[in-house]
Amino acid sequence: MSVLEIVDLHAVVATDGGELPVVRGISLSIDAGEIVGLVGESGSGKSFTALSVLGLLPDGARVSGGRILVDGEDLLSLRAAERRTRRGGTVAMIYQDPMTALNPLMTVGAQIAEGLRAHGVDGAEAKKRTLAAIEEVGLPRPERIARSYPHRLSGGQRQRVVIASALALRPKVLIADEPTTALDVTIQQQILALVDELRVAHDLAVLWITHDLGVVARIANRVAVMYAGRIAEAAPTRSLFAAPQHPYSAALLASIPSPTDTVRGPLPQIGGAPPDLTALPPGCPFEPRCAQREPGCAATEPDPVHRGDADTACFVPRERWTTAEEAG
Amino acid sequence: MSLRYLAGRVAGMAGTLLGVAVVVFVVLRALPGDTITAKLGTQAATLTAEQRAALRHFYGLDASPVTQFFRWFGGLLRGDLGVSIDTGVPVTHLIGDALPVTVELAVLAMVIAVPIGVLFGMLAASRPGGARDFSVQGVGLLGLALPEFVVATVTVAWLASAFAYSPSAGTYVSLGDSFSGNLRQMLYPALVLAVGLAATVMRTTRSAYLEAAGSDFVRTARGKGLTEARVRFRHILHNAGIPIVTMVGIQFGYLLGGTLIVEQVFALPGLGRLLLDGILHQDYAIVQGVTLLVAAAFVVVNFAVDLVYRLLDPRTRSEGRRA
């Protein structure tokens with residue numbers, strides 16, 4: 001049963017030259033207790049997708065079409081005041097940089113408690129639940145942490161606080177915007193383990209945004225690879241790593257360095273640059289960089305088709321790929 | 001706050017004031033002109049050399065500058081700022097009369113200007129580049145560009161024609177004499193002062209607010225489902241507080257230094273006019289006393305601003321261990 005269901009989501013951002021499509025028809029669903037990794041380069045639209053779900057798109061940007069259902073309720077049809085109560089209440093988010101995600105002038109406890117109070121939890125109860133939330137993310141001496149200001153805490157501790165704050169209201173959906181990118185490798189592992197633990201404990205549906213396929217392999221049940229505002233391929237993590245069905249996924253996988261590589265040549269990279277959103281080609285947006293392109297690819301944009309375990313927006317099935325697993 | 005910090009600050013403030021005392025003393029002595037001449041005007045020409053010497057001796061002007069300084073400084077430590085040569089009134093009395101006028105004017109102007117400036121600064125920053133931002137900024141620029149003497153004289157002229165109000169006709173009514181009478185005299189000059197102040201505070205608020213609004217923690221706050229009002233005041237404005245408080249502190253210091261033009265136009269006997277009279281008459285004791293007082297006010301306001309920093313921002317507080 002999917003908790004979060006994104007249906008044909010479109011989002012645009014206003015520029016001097018008119019509205020630019022940033023998200024172009026994304027469909028994605030996440031079940032309770034499932035982690036879906038949303039992978040893509042900068043500018044692929046993954047953060048816009050996440051912020052659309054939360055209703056926090058920056059000024060000048062807006063959702064221009066589609067539906068975002070949480071437990072069957074379309075968030076996009078809600079009035080602003082109702083939408084606000086869903087933020088934190090049913091959909092929560094954790095952020096990339098724990099050093100800047102907390103208000104430096106408020107104690108950690110006050111920041112968690114204000115979220116609870118914004119959803120009608122009274123003072124004494126909010127305090128109790130704040131301490132419980134801090135304890136749940138594995139921080140010792142919750143009273144002391146609650147009284148601390150962010151600058152007294154380490155990066156890992158702060159990220160735990162951000163997670164505690166996000167989960168204090170028991171949301172159904174957690175959006176994780178690269179929450180481990182800014183942390184040391186050892187702390188990354190702890191945070192990954194913590195989120196996984198909390199997912200199991202609370203049956204959370206997690207949308208994990210990242211450009212790090214290693215993290216995806218570690219934590220996600222399924223992966224959606226974004227390119228130029230669309231999903232290029234969505235597949236179970238295992239299948240995607242074993243046999244990618246989209247040349248872009250294959251190229252991303254090929255560019256991961258492996259510690260077992262015996263040959264120390266230069267890392268494979270994807271030639272060219274992501275397409276300019278102001279001038280998208282009529283065909284497949286990846287076509288100019290694609291190693292598997294065929295003459296028809298530049299004519300029309302492919303719709304997703306089911307192939308193997310995956311949904312892939314590509315005309316060329318794996319069998320016809322010329323240089324398997326390689327790109328550029 | 002530690003006792004050590006306080007002691008350090010007080011010592012620093014005392015040092016600053018001592019420096020100011022010396023500089024003012026030296027600069028005054030270096031000015032051309034002569035106190036006796038300034039006091040007696042045309043009559044000074046009729047003085048014989050002996051009479052002039054006797055007068056100089058009477059006022060202590062014949063002693064060496066170093067002796068004069070220590071005489072003055074010794075009095076200062078006892079709370080005696082000397083006597084006005086021009087009027088014979090102790091300077092402490094003159095300041096005692098003028099200071100409340102200036103302080104009231106400064107406080108009143110601040111009370112009017114700060115909320116207006118902060119509110120409109122927030123309004124302008126909430127949609128940068130929008131029509132509201134544009135109009136608020138335009139009015140603000142006008143407020144900054146209009147010289148005080150223009151605003152003051154135009155206000156007085158308008159008041160005179162509209163209400164037959166004349167500032168110089170009445171004598172000054174203190175707060176103790178009549179609350180409403182005093183307010184009637186002080187409100188308009190305070191409003192005139194508030195024009196430029198509000199504009200300054202608005203511009204500082206706008207830029208500080210914009211910077212704070214772009215912070216990651218603001219997105220976190222919205223992501224928690226907080227109301228927009230709480231996000232704006234508790235998170236953004238609070239974080240924009242330090243530059244605003246700094247600006248308000250500096251402006252308040254200037255105001256305490258006397259608001260010469262406004263006092264002059266509205267005929268208010270404040271510190272600015274006292275200082276001007278002192279300079280015109282080469283009345284050393286007055287100029288030294290008032291300048292020192294103004295410096296002290298600046299130093300105290302600065303200290304107060306630092307204390308407010310510590311209230312606003314925990315990072316400027318104690319050292320101590322991590323949790």
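Predicted model: local features only at pLDDT ≥ 70, side-chain atom pairs only at ≥ 80, totals over all residues.
**Ground rules.** I number residues from 1 along each chain as its sequence is written, and I letter chains from A and number ligands from 1 in the order in which they are written. Local features need pLDDT of at least 70 and side-chain atom pairs count only at pLDDT 80 or more, while totals for chains, interfaces and linings use all residues.

**Entry 1: chain B against chain A.** I looked up the contact (C-beta atoms, placed from the backbone, within 7 Å). Chain B puts in 21 residues and chain A 29 residues. On the chain B side, α9 (216-223) and α10 (228-239) each give two or more residues. I take helices as DSSP runs of H or I, at least four residues, and strands as runs of E, at least two, numbered from the N terminus. The largest share on that side is 7 residues, from α9(B). I then sorted the chain B side by class: 6 nonpolar, 8 polar and 7 charged residues. Nonpolar means Ala, Val, Leu, Ile, Met, Phe, Trp, Tyr, Cys and Pro; charged means Asp, Glu, Lys and Arg; the others, Gly among them, are polar.

**Entry 2: domains of chain A.** Chain A splits into domain 1 (2-220) and domain 2 (250-258 + 266-320). The bounds come from an automatic or database domain assignment. Their C-alpha centres lie 30 Å apart. I find 8 residues of domain 1 and 6 residues of domain 2 in the contact. On the domain 1 side, β2 (18-31) and α8 (213-219) each supply at least two residues. β2(A) gives the most, with 3 residues.

**Entry 3: helix α1(A).** Buried means 20 or more other C-beta atoms within 10 Å of the residue's own, with C-beta atoms placed from the backbone. The buried residues include A:F48, A:L51 and A:L54. Just after this helix, A:G55 takes a positive phi of about 75 degrees.

**Entry 4: the sheet in chain A.** I traced 8 strands in an open, mixed sheet, in the order β6-β7-β8-β3-β9-β10-β12-β11. Strands pair if DSSP finds at least two bridges between them. β6 (91-94) and β11 (305-307) are the edge strands. β7 (173-177) and β8 (205-210) run parallel, joined by 5 bridges. There, A:V173 stands opposite A:A205. Helix α6 (155-167) lies across β6 and β7, at about 175 degrees to β6(A). I read angles from 0 to 180 degrees between N-to-C directions of lines fitted to C-alpha atoms, for helices over the stretch in contact.

Key: Contact = placed C-beta atoms within 7 Å. Buried ≥ 20, exposed ≤ 12 C-beta atoms within 10 Å, placed from the backbone.
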